[in-house]
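This briefing sets out the salt bridges, the nonpolar core and selected residues of one protein model. Please keep the sequence and the structure in view while reading.

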Amino acid sequence: LRLNEPDLIRQVIEQIPPHQVDLLVSRLSEKFVLHVMKFVGAELETTRHIGFYAKWSHFIMMHHGLWIKRKWKDLLPTLNQLQKVLNNKVNELSEICDRNEQTVDFLLTMSKLRKLKSNKQGRKSTV
């Protein structure tokens, strides 16, 4: 984090097992919390590891919430960025889920119609 090399930070953070994020964030020094928050906010905009970085932001808020609350004026731009990015991701994912749900409903309906059609044809040929 001191080197401030995004590629190196990304490489290190993404090699941390998800089940250890909680422990690592709880041990994170307050002087690095802001750096990690900024990095997580920036990564959430472009990464495909949304759940992983959302877990990071969740645990940062859980373990360092009091510190963030005390320093909120200094952290406001970073907090706004995190909130904006997370809201955008929620909206994008909910649109995708809605489309997928509609597609599944359509496919199920089409499957039922094909079964009904094949059953009707099977009855006609036996009569």
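Buried means under 20% relative accessible area, exposed means over 50%, and partly exposed lies in between, with a 1.4 Å probe and protein chains only. The model is predicted; local features need pLDDT of at least 70, side-chain atom pairs count only at pLDDT 80 or more, and totals for chains, interfaces and linings use all residues. Residues are numbered from 1 along each chain as its sequence is written, and side-chain values use heavy atoms, with hydrogens and water left out.

**Confidence**

- The protein has an average pLDDT of 91, and 97% of its residues score at least 70; pLDDT is the predictor's confidence in each residue, from 0 to 100.
- Confidence is highest in helix α2 (residues 21-26), at 95, and lowest in α5, at a mean of 90.
- Helices are DSSP runs of H or I with at least four residues, strands are runs of E with at least two, and both are numbered from the N terminus.
- Where pLDDT is low, the predicted coordinates should not be read in detail.

**Salt bridges**

- Side chains of opposite charge can pair when their charged atoms come close.
- How many salt bridges does the structure hold? There are four, a salt bridge being a side-chain nitrogen of Lys or Arg within 4 Å of a carboxyl oxygen of Asp or Glu.
- One of them joins Asp7 to Arg10, with 2.7 Å between the closest N and O atoms.
- Both Asp7 and Arg10 belong to helix α1 (residues 6-14), where they are three residues apart, about one turn of the helix.
- Asp7 is exposed because its relative accessibility is 55%, whereas Arg10 is partly exposed, at 25%.
- Arg10 also meets Glu43 in a salt bridge, at 2.9 Å from N to O.
- Because Glu43 lies in helix α3 and Arg10 in helix α1, this pair ties together parts that are 33 residues apart in sequence.
- A further salt bridge links the side chains of Lys89 and Glu92, at 3.8 Å from N to O.
- Lys89 and Glu92 are both in helix α5 (residues 72-126), three residues apart, about one turn of the helix.
- Glu92 is partly exposed, as its relative accessible area is 42%.

- Is Glu43 buried or exposed? Glu43 counts as buried because its relative accessibility is 7%.
- Glu43 sits in helix α3 (residues 30-46).
- Apart from neighbours within four places in sequence, Glu43 is in contact (heavy atoms within 4.5 Å) with Arg10, Glu14 and Tyr53.
- Lys89 is likewise buried, at 11% relative accessibility.
- With residues up to four places away in sequence set aside, Lys89 touches Leu44, Glu45 and Ile50.

**Nonpolar core**

- The largest nonpolar core has 23 residues, of which Ile13, Val21, Val40, Tyr53, Trp56 and Ile60 touch the most other members.
- Two or more residues of this core come from each of α1, α2, α3, α4 (50-70) and α5.
- Such a core is a set of buried Ala, Val, Leu, Ile, Met, Phe, Trp, Tyr and Cys residues joined through side-chain atoms within 4.5 Å.
- Val40 touches Tyr53, Trp56, Ser57 and Leu82, not counting residues up to four places away in sequence.

**Nonpolar surface patch**

- Phe106, Leu107, Met110, Leu113 and Leu116 make a nonpolar surface patch of about 500 Å².
- Patches are made of residues with over 30% relative accessible area and no salt bridge; like charges are joined within 9 Å, and nonpolar side chains (Val, Leu, Ile, Met, Phe, Trp, Tyr) within 5 Å.
- Accessible areas come from the Shrake-Rupley method with a 1.4 Å probe, and for residues only the protein chains shown count as cover.
- Phe106 is located in helix α5.

- His49 lies in the loop between α3 and α4 and is partly exposed, at 31% relative accessibility.
- The C-alpha atoms of His49 and Glu14 are 8.8 Å apart, although the two residues are 35 residues apart along the chain.
- Pro77, in helix α5, is exposed because its relative accessible area is 58%.
- Between the C-alpha atoms of Pro77 and Lys38 there are 9.3 Å, and the two residues are 39 residues apart along the chain.
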